[in-house]
Amino acid sequence: MTKKIKLSELGSLLGGEIQALEGVKIEGDVEIDLGQAGLNPQMAYALGHETAQVAIHLMNISRILGYPVDQMLGATAAPKRLTKLIESRFSAGKIEDWKTPIQEVVLGATSSDGGTRKSTVTLGGETALPYYFDGPMPHRNHITMDVFDMPINMAKAVKSNYEDVINSPAEWAKKVVRDFGADMVTIHLISTDPNIKDTSPAQAAKTVEEVLQAVDVPIVIGGSGNPEKDPAVLEKAAEVAEGERCLLASASLNLDYARIAEAAKKYNHVVLSWTQLEINAQKELNRKLMKQCGVARENILMDPTTAALGYGLDYAYTNMERIRLAGLSGDTELNFPMSSGTTNAWGARESWMVSSPLKEDSDWGPREYRGPIWEIVTGLTLSLAGNDLFMMMHPTAVQVLKEITQTLYGGKETEPVNIDNWISAVI
Amino acid sequence: MKLNSPLQVYKYLPQINCAECGEATCMAFASHLIDRSKKLDDCPPLLKDEFKKKYMELQTLLAPEIHEVTIGKGEHARKIGGDDVLYRHQLTFFNPTAFAYDVWDTMAETELVERINKISNFRKFYVGKFLKVDMVAVRCVSGDALKFANTVKKVAETTKLPLVLCSFDPAALKAALEVVKDKNPLIYAATEKNWGEVAELALNYKVPVVLFSPDLDKLKSLALTFREMGIKDLVLDPGSYPQGVQLKGSFERFIKLRRAGIKEGQKDIAFPIMAVPLNAWLVYKDAVTASYWETVLASVFTVRYGDIMILHSLEPYAVLPEVHLRDTIYTDPRTPVKVAPGVNEVGSPAKDSPVIVTTNFALTYYTVESDLSSNKINCYLAAVDTDGIGVEAAVAGGQLTAAKIKDTFQKAGFEFKDKTSHNALILPGLAARLQGDVEDVTGLRVMIGPPDSGRIPGWMEKNWPPKPK
């Protein structure tokens, strides 16, 4: 039997004071519906609420009859009114599993270390996910800007920044360091591709020398991505850059990685271990570089592949996050700093196309603003997954990514902002 | 959830393998409850009286660690929260971050209506669906309860999207709630100062409520107090500072709250979290800079645990990356992303244009498609149904076969004799070993493209049009 008793009805039913009820059986579920007023009976009684007396009476009756009123009230959670906040302290613990630091890797060498760079860049050393409070993050993120050894197709928004230097890798390199605040420069030797210009390794090495002379920051030497040609190109480039601790990009499973590893060892450079969105392949290549080729841990950086926002960033993000978590938790085949080809963001049509090819889409707005933010969000997302070094292209994207990563890193002191009245802000 | 293996769940099920849920066995159903692809109510026997106790127990044990809160009513209602993991690869994240764009009560009516329409009409096609935004947040700027209520009324008349009512003045919230009390809006916010009156509103109008305090002790106090009063649908705003060390502090608070809720089982604060990237506009007056920075803040808190956020910029260059990043983070990593199989036109193909084959793995397909379109190669691009697996793995696993390729063209009604002058198709370089099979099955000339679609332009120069045999 389910019987619902409205207090108002009960009030008129019972009238004045009741000593006892005889011959009353309460069976089954009894529900006390306190209705809209919904007061905690004791509280309401104290406040002299009209229906409260009735409620107390009802409870007394029920108690006398052995019905578990108090439990029932607890279960139906009749709303209470509180007049004071319940005091409390909040705390959250640290992650105990993160015991293995990420390997520190130094790029560039100054004269005291056998190179000619003015400064070096240190990556890695983290003991927690990026910007987390669990452990110190000893080094900030760094940005290396792209320079190509020949004019290439670029999105309009990018190209406008480089038109004056597009035919001179040395001038181009100077510009990104001097004007755009690049921490490093990447020289991409794309003209060496047999399908492009088939520039000889010796000729490409000359370009590398020019760039080394033009700037005094550490550099990345990138091949054309042609697996047959790259080992020879990187080998020659490594030779002319001996002792500079350049990053050789890249060793991968689909080319003669041993040859690149050998060049790095012989001429004191760092190897970029590049795999394609596959954590197990990354482990395998790192293992081969260490065990089979004898590359020292401090000379390995990983590029687990960057897919652009909207074009597989979900894979790239999760792949990096898994790699970083595995590294921190003790997988010594994965605890290396990571590098991202953030420039890939410009492959997304949203970053360069004038307007949407689909008439159902809302207006895409001016592409000049779309491109840089596409590069920023792609990079920022990966920075949160643990990426250390960003290869980038657009100056505005570089500035904004630096600003946010350094803010989260803790290196930005600004005037405090009061957000208490954001609701009424006039925007 | 408190149970983490199908066997644990199985103990509570009827164990009769009636298959009414669509699964062959109760054990299979149990594993779907664990991965949340099925609901308790999908099991008819469990709904009978004799299983009521088990049903109730399971409901508690399977409840997500982070409380799920519904905002709005009807088809546009949105759930937020409901997560069980700290990293998406551990399961998936549920209920994508709800994006609420602001309007305010000092706007002229035409301007207001125009802005609301812009919010509700936004759409961006992506992998077979439209990315959209979710809510309208109405800010009380005037300080006038009546004016606020009138604006809320106008907003509710203009859109069916759920509303967030924003004011620290309980009188203004009450006036607005009177107008939209049947629409289950989210009210913002209860603070250390106004909490008593706002709690009263949440109880009386039975609406979800945001608690705001950048001090986590106070935020927890508020949550405990509201829960004690029987208010369960809570959202926590630990303060989104727009810059500097304050922003770093906000970032830490988001992580601490979510870690405490999921990893440490602190039920008292296991609620959805709200971010307010709009605060970028408190420090940047230039609209482009503010929009950029707002997008940056939105990105940080989309990745790290924001379940709902209040945004201002409706510039496409802000909204587009925001909705794409949300999709990135909330896409279920357990299911490969696929495109619809078929034969699609890239550019404006003519009879002498190539016909290129790829898989329906969305990432592969869109990469090939953008490589082709960005190089202005007019062609037909066939997406073969490989269950969303990439070329190399699909060839190895038998999802990409000559028969499947033939089937794709047949189903699309694509006749090579009518559509092309060359009767040839191009296979991906990574599917080269299918060449003979495809020739036999289709009777077409089969060419082998490059292994990477980025090299199609160079390949075309050398190999297209096909030389007569």
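**Entry 1. Chain B, backbone**

I began with B:Pro465, which lies in the segment after helix 17 (456-463) of chain B; helices (H or I, at least four residues) and strands (E, at least two) are DSSP runs, numbered from the N terminus. The model is predicted, so I note that local features need pLDDT of at least 70, that side-chain atom pairs count only at pLDDT 80 or more, and that totals for chains, interfaces and linings use all residues. Residues are numbered from 1 along each chain as its sequence is written, chains are lettered from A and ligands numbered from 1 in the order in which they are written, and side-chain values use heavy atoms, with hydrogens and water left out.

B:Ala189 belongs to strand 8 (residues 186-190) of chain B. I then noted B:Ala19, not a glycine, with a positive phi of about 70 degrees. This residue sits in the loop between helix 1 (6-10) and helix 2 (26-34) of chain B. I recorded these because most residues other than glycine have a negative phi, and most peptide bonds are trans.

**Entry 2. Interface of chains A and B**

I found 93 residues of chain B in contact (heavy atoms within 4.5 Å) with 87 residues of chain A. The two chains bury about 8,000 Å² between them, 65% of it on carbon and sulfur atoms; buried area is the accessible area (1.4 Å probe) that two parts lose on being put together, summed over both.

I counted 33 residue pairs in polar contact across this interface, both residues at pLDDT 80 or more. A polar contact is a pair of N or O atoms within 3.5 Å; within protein, one must be able to donate a hydrogen and the other to accept it, and residues adjacent in sequence count only if both atoms are side-chain atoms. Helix 9 of chain B gives the most to the side of chain B that touches chain A, with twelve residues. By class, that side has 51 nonpolar, 22 polar and 20 charged residues. Ala, Val, Leu, Ile, Met, Phe, Trp, Tyr, Cys and Pro count as nonpolar, Asp, Glu, Lys and Arg as charged, and the others, Gly among them, as polar.

**Entry 3. Salt bridges**

I searched the whole structure and recorded 43 salt bridges over all chains, each a side-chain nitrogen of Lys or Arg within 4 Å of a carboxyl oxygen of Asp or Glu. Across the interface of chain B and chain A there are seven. One of them joins A:Asp134 and B:Arg259 (2.7 Å, N to O). I also noted A:Arg89 with B:Asp217 (2.3 Å, N to O). This pair crosses between chains, from the loop between helix 4 (69-76) and strand 3 (105-107) of chain A to helix 8 of chain B.
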